[in-house]
Amino acid sequence: MKQTQDAAEMGPLGRLPRWAKRAIAVPALFAGAIPLAAVTAQSPNASSAAFTVLETGRGYASLQQAVDAIGASKGTIEIAPGTYRQCAVQTAGAVTYAAREYGTAILDRTACEGKAALVLRGAGAEVLGVTFSGIKVGDGNGAGIRLEKGSLNVAFGRFMDSQQGILTANNPSGSIFITRSTFSGLGTCEHSAGCAHSIYTGDYGKLTVRESRFERGQGGHYLKSRSGEVVIENNSFDDANGRGTNYMIDLPAGATGRIAQNWFVQGRDKENYSAFIALGAEQSLHSSRGLTVVDNEARFVPGLRRSSVFLADWTRTPVIMSGNRLAESLKQYEER
């Protein structure tokens with residue numbers, strides 16, 4: 001599989017590698033928002049303040065002040081380079097949070113409402129080029145983004161050394177789209193609330209994760225989703241330096257869609273190494289008929305040989321599997 005460059009290696013706008021300068025296929029969540037290209041074009045004229053609402057040109061010292069200034073409208077907050085011990089709650093409107101220089105705007109070690117750096121329950125949100133680091137709370141569910149309502153796009157994000165990367169509530173009519181992002185050093189199973197994961201989505205209508213990297217998990221699963229439809233394509237799941245991890249992909253309520261052209265490496269330190277992908281292990285909320293799992297590559301770290309299954313299926317519905325390149329001791333499919 002052709003690997004994309006890790007989001008952690010991206011430079012500021014104007015110094016991005018050639019692949020990153022191409023148009024990003026991120027679906028529009030709301031009409032009237034400033035597109036990514038326009039955000040880039042306006043950056044040189046932006047306010048010197050930490051947070052600038054591009055539609056008005058007004059700067060704010062607080063991210064929450066900028067969010068409140070947009071209110072129930074549509075707007076884009078440009079975040080200047082820096083490390084901010086701040087968080088924000090969005091209760092209305094459609095807001096784009098865009099780093100002026102991708103990878104240099106860091107929301108660090110601060111959670112609102114005991115939940116996340118960004119708590120989102122407005123009409124929708126986009127998060128572009130923002131880094132989330134060290135988010136931890138008492139119940140073990142500290143996340144970079146806590147999505148409680150509305151749809152979400154994330155591109156060129158980094159979620160580092162926190163309890164969770166992205167955690168959501170249920171919204172069967174909503175959608176989540178994540179591309180070219182890095183999830184590193186996330187997850188834990190050490191708290192009373194249960195395990196936290198790199199990504200954990202509730203019953204959302206559709207989850208798409210493309211061209212992203214998952215690595216160095218610290219417990220739980222790398223990607224867990226109760227969405228009825230998933231598209232998981234061209235990602236890398238590198239568990240070589242994981243600690244006490246479980247599945248790479250867990251679809252506990254069943255799902256249709258496509259898992260294709262991903263690269264998986266299972267590490268040595270596992271709480272559960274019995275499968276790489278689990279389907280319907282907890283409930284049968286959604287049909288999995290026709291789920292397509294094709295053209296993936298999966299293996300173990302060098303020198304490790306153990307018995308495991310690429311896809312463990314509790315649903316007993318037809319799953320399409322073909323073209324997967326698996327380690328010699330890795331069984332392709334097992335009904336459980």
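Are F214 and F237 buried or exposed? Both F214 and F237 are buried. The legends below describe close-up views of a predicted model.

**View 1. Overall make-up of the predicted chain.** The chain has 336 residues, of which 59% are buried. Its secondary structure consists of 2 helices and 32 strands. Of the contacts between residues at least 6 apart in sequence, 70% join residues at least 24 apart.

**View 2. The open sheet of 10 strands.** The strands follow the order β5-β8-β11-β14-β17-β20-β23-β26-β29-β32, and their pairing is parallel. At the edges stand β5 (88-90) and β32 (330-335); each has a single partner strand, so one side of each lacks a neighbour in the sheet. From one strand to the next the twist averages 10 degrees. Strands in a sheet pair through backbone hydrogen bonds, in either a parallel or an antiparallel sense. Helix α2 (residues 63-70) lies across β5 and β8 (116-120) and runs at about 15 degrees to β5.

**View 3. Strand β14 and its two partners.** On one flank, strand β11 (residues 143-147) pairs with β14 in the parallel sense over 4 bridges. Here A143 stands opposite Q164 of β14. Strand β17 (residues 199-201) also pairs with β14 in the parallel sense, over 2 bridges. I166 has I199 in β17 as its bridge partner.

**View 4. The pairing of β20 with β23.** Strand β20 (residues 223-225) and strand β23 (residues 249-251) run parallel and are joined by 2 bridges. K224 has D250 in β23 as its bridge partner.

**View 5. The open sheet of 12 strands.** The order is β2-β1-β3-β6-β9-β12-β15-β18-β21-β24-β27-β30, and the pairing is mixed. The edge strands β2 (58-60) and β30 (320-322) each pair on one side only. The twist from one strand to the next averages 10 degrees. Strand β27 (residues 292-294) runs parallel to β30 and is joined to β30 by 3 bridges. Within this pair, V293 stands opposite M321 of β30. Helix α2 packs on the sheet, where it touches β1 (51-53), β2, β3 (74-79) and β6 (94-99). The direction of α2 makes about 160 degrees with that of β3.

View 6. The largest nonpolar core has 74 residues. I77, Y97, L118, I145 and L152 have the most contacts inside this core. Neighbours within four places in sequence aside, L118 is in contact with L63, A88, Y97, L107, V127, F132, G144, I145 and R146. Another core lies apart from the largest one and has 8 residues, among them C87, V119, A143 and L167. In soluble globular proteins, nonpolar side chains tend to be buried together.

**View 7. The stacked pair F214 and F237.** The structure holds 11 aromatic pairs. In the pair of F214 and F237, the ring centres are 4.7 Å apart and the planes are at 5 degrees, so the pair is stacked. F214 belongs to strand β19 (residues 213-215) and F237 to strand β22 (residues 236-238), so the pair ties together parts 23 residues apart in sequence. Both residues are buried.

**View 8. The edge-to-face pair F264 and F310.** F264 and F310 form an edge-to-face aromatic pair, at 5.5 Å centre to centre and with 80 degrees between the planes. F264 is in strand β25 (residues 263-266) and F310 in strand β29 (residues 308-313), so the pair links parts of the chain that are distant, 46 residues apart. F264 is buried, with a relative accessible area of 0%. F310 is buried as well, with a relative accessible area of 0%.

**View 9. The aromatic cluster.** One aromatic cluster is formed by F132, F159, F183, F214, F237, F264, F276, F300 and F310. A pair of aromatic rings is described by the distance of the centres and the angle of the planes.

**View 10. A charge over a ring.** The charged end of R306 sits over the ring of Y273, at 4.3 Å from the ring centre.

Technical notes
Residues are numbered from 1 along each chain as its sequence is written. Side-chain values use heavy atoms; hydrogens and water are left out. Two strands pair if DSSP finds at least two bridges between them. Axes are lines fitted to C-alpha atoms, for helices over the stretch in contact, and angles run from 0 to 180 degrees between N-to-C directions. Contact means heavy atoms within 4.5 Å. A nonpolar core is a set of buried Ala, Val, Leu, Ile, Met, Phe, Trp, Tyr and Cys residues joined through side-chain atoms within 4.5 Å. Buried means under 20% relative accessible area, exposed over 50%, partly exposed in between (1.4 Å probe, protein chains only). Rings of Phe, Tyr and Trp (its six-membered ring) pair if their centres lie within 6.5 Å; planes under 30 degrees apart count as stacked, over 60 as edge-to-face and the rest as tilted. A charge sits over a ring if NZ of Lys or CZ of Arg is within 6 Å of the ring centre and within 35 degrees of the ring normal.
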